[in-house]
Amino acid sequence: MSGDGRSYDYVIVGAGPAGCVLANRLSADAETEVLLLEAGEPDEKREIGVPAAFSELFESGVDWNYHTAPQSELCDRELYWPRGKTLGGSSSMNAMIYIRGQPADYDHWAEVGNEGWGYEDVLPYFMRAENNERGISDYHAISGPRNVADHQSRNELSEAFVEAGHVVGLPRNEDFNAGDQEGVGFYQVTQADGSRHSAADAYLKPVLDRPNLTAVTGARVTRIRFDGREAVGVAYARDGGADSSATVDATEEVVLSAGAINSPQLLLLSGVGPADHLADHDITVVTDLPGVGRNLQDHLQAGVDYECEKPITLDDADSLLNLLKFVVLKSGPLTSNVGEAGGFATVTEDATTPDVQFHFAPAHFVEHGFENPEGHGFSLNALQLRPESRGRITLRSSDPFDDPVIDPQYLTEGADLEVLLAGLKLGRDIMQADPFDEYRGEELLPGPAVQSDDELIEHIRETAETLYHPVGTCKMGDDDVAVVDDRLRVHGLEGLRVVDASVMPTITSGNTDAPTTMIAEKAADFIRNEA
């Protein structure tokens with residue numbers, strides 16, 4: 001369907017995790033007309049539903065396929081950043097790990113001036129969103145749209161990882177989302193019956209028959225339309241073309257849920273951002289908002305990779321037998337999210353909560369899977385949970401079809417490199433522990449010749465990659481670089497809100513899909529209450 005020329009109460013830009021939540025919750029009022037615009041195609045690729053195949057979606061038609069600016073601390077490499085471009089957004093191509101973060105993350109948000117965002121405030125919204133197959137507890141619920149499950153089929157190498165982590169001194173943790181992250185264990189995943197359960201599966205598809213909800217794919221929004229300082233609608237190009245003649249009006253609000261890259265890009269293209277940067281691209285200033293695109297944060301990971309002495313890894317998960325298991329029994333290796341196990345550890349003396357996260361894969365996972373060695377293997381990646389480095393999204397040009405400049409400025413501030421190094425060394429200790437003895441072959445990365453701190457740092461600079469968690473570029477708050485207030489309304493404007501991972505003041509301690517869903521659940525209440 002096309003929304004061209006029509007008026008809606010709410011126009012939502014982006015059908016990722018946040019946009020799908022908002023489309024569902026706002027259209028629950030039959031008197032409210034909602035339009036959801038998604039730049040990508042419908043989520044019909046077979047690999048989307050197959051958990052173990054998520055990396056096959058990289059550089060495909062459902063991927064924005066971004067790359068960063070050269071990173072000075074990473075050998076001037078331009079890092080690949082996959083982002084979902086389909087219904088469900090990145091929830092349709094991620095590794096499905098369900099992690100909320102630490103209570104201290106949200107208490108910090110509240111402490112810096114964002115009222116109502118402390119842990120006790122947000123916990124009910126996490127619970128509202130989930131249907132956790134483990135059942136009801138003080139931290140979990142069973143009535144929400146998004147299914148959260150344990151793995152259908154767990155690889156024995158993942159069991160060995162948990163044992164190895166315990167051997168080196170980390171406690172076993174049965175639930176990373178029950179307030180205390182410390183320890184090693186198995187991740188829960190956003191799956192149902194062994195298949196991916198994306199935000200589109202959970203929130204959007206069940207309500208597409210509502211007459212007051214219109215969802216349009218192939219609709220790339222090119223600018224927000226303003227009447228003075230009030231957002232009154234958007235312009236968009238249909239089917240990815242350069243024709244931006246399609247317009248729709250929003251009588252209540254335009255809501256940007258396009259993600260930490262595209263939301264600030266759209267604001268800048270529309271005249272909302274640093275006046276000097278807009279002037280450089282001959283864009284008329286609607287409001288001078290210096291923080292748009294600033295405060296970019298991401299989780300950077302570096303790891304170790306080993307040959308496996310037994311043919312038990314996921315490297316042959318796509319065999320005919322395993323395909324039959326998946327299709328008929330909803331079990332077998334294809335139900336694996338690859339990052340089956342992991343954990344959290346405190347590696348610096350002054351940290352009061354874990355500052356490193358691990359992702360273990362019973363398979364090679366080198367450079368997003370693009371450079372995997374031949375044969376069977378397993379890998380472990382470490383990341384720093386709360387980086388001090390801050391980057392920026394800026395315009396390459398005023399052409400909305402030009403990718404923005406993504407400059408995360410990895411490892412340029414504080415102790416980021418030291419923490420990542422400590423995490424890498426602890427990860428290597430885990431992989432060398434006794435439970436892996438019967439499986440461990442040659443260490444391929446960084447390799448047995450790499451032993452000193454300086455050599456490991458060089459390994460980090462040459463191989464570290466994103467773990468796909470960009471946030472913070474439309475920061476919530478009331479300081480000089482804040483873009484939205486604590487109700488997610490854009491400062492200085494009317495009728496415009498940002499609801500996605502870009503509003504996080506600081507990155508959460510872990511994977512960001514669940515926190516983004518929570519933000520949207522909470523924002524839906526803001527919008528409905530104000531209406």
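Predicted model: local features only at pLDDT ≥ 70, side-chain atom pairs only at ≥ 80, totals over all residues.
**View 1. Helix α1 packs against helix α12.**
Two packed helices are described by the angle between their axes and the distance between the axes. Here, α1 spans residues 17-27 and α12 spans residues 513-530. Their axes come within 8 Å and cross at roughly 35 degrees. The crossing is right-handed. On the α1 side, P17, A18, V21, L22, R25 and L26 make the contact. On the α12 side, the contact residues include D513, T516, A520, A523, A524 and I527. Sorted by class, the contact has nine nonpolar, four charged and two polar residues.

**View 2. Strands β16, β21 and β22 form an open sheet.**
Strands of a sheet pair through backbone hydrogen bonds, either parallel or antiparallel. In this sheet the order is β16-β21-β22, and the pairing is antiparallel. The edge strands are β16 (294-296) and β22 (405-407), each pairing on one side only. Neighbouring strands are turned by 30 degrees against each other on average, direction ignored. Strand β21 covers residues 391-394 and pairs with β22 over three bridges. Find I393: its bridge partner in β22 is I406. Helix α7 (residues 259-269) packs on the sheet and touches β21 and β22. The direction of α7 makes about 50 degrees with that of β21.

**View 3. The second largest cavity holds about 110 Å³ of space.**
The structure has five cavities of 30 Å³ or more. How many residues line the second largest cavity? There are 13. Nearest its centre lie D298, L300, P387, Y410 and D416. The lining of this cavity divides into seven nonpolar, four polar and two charged residues.

Methods:
Residues numbered from 1 in each chain as written. Heavy atoms only, no water. Axes fitted to C-alpha atoms, helices over the stretch in contact; angles between N-to-C directions. Helix = DSSP H or I, 4+ residues; strand = E, 2+ residues; numbered from the N terminus. Left-handed = near helix turned anticlockwise from the far one by under 90°. Contact = heavy atoms within 4.5 Å. Nonpolar A, V, L, I, M, F, W, Y, C, P; charged D, E, K, R; others polar. 1 Å grid on protein atoms, 1.4 Å probe; cavity = no way out; pocket = protein on both sides within 12 Å on 5 of 7 lines; lining within 4 Å. Points joined across faces, edges and corners; volume = space filled by probe spheres on them. Pairing = 2+ DSSP bridges.
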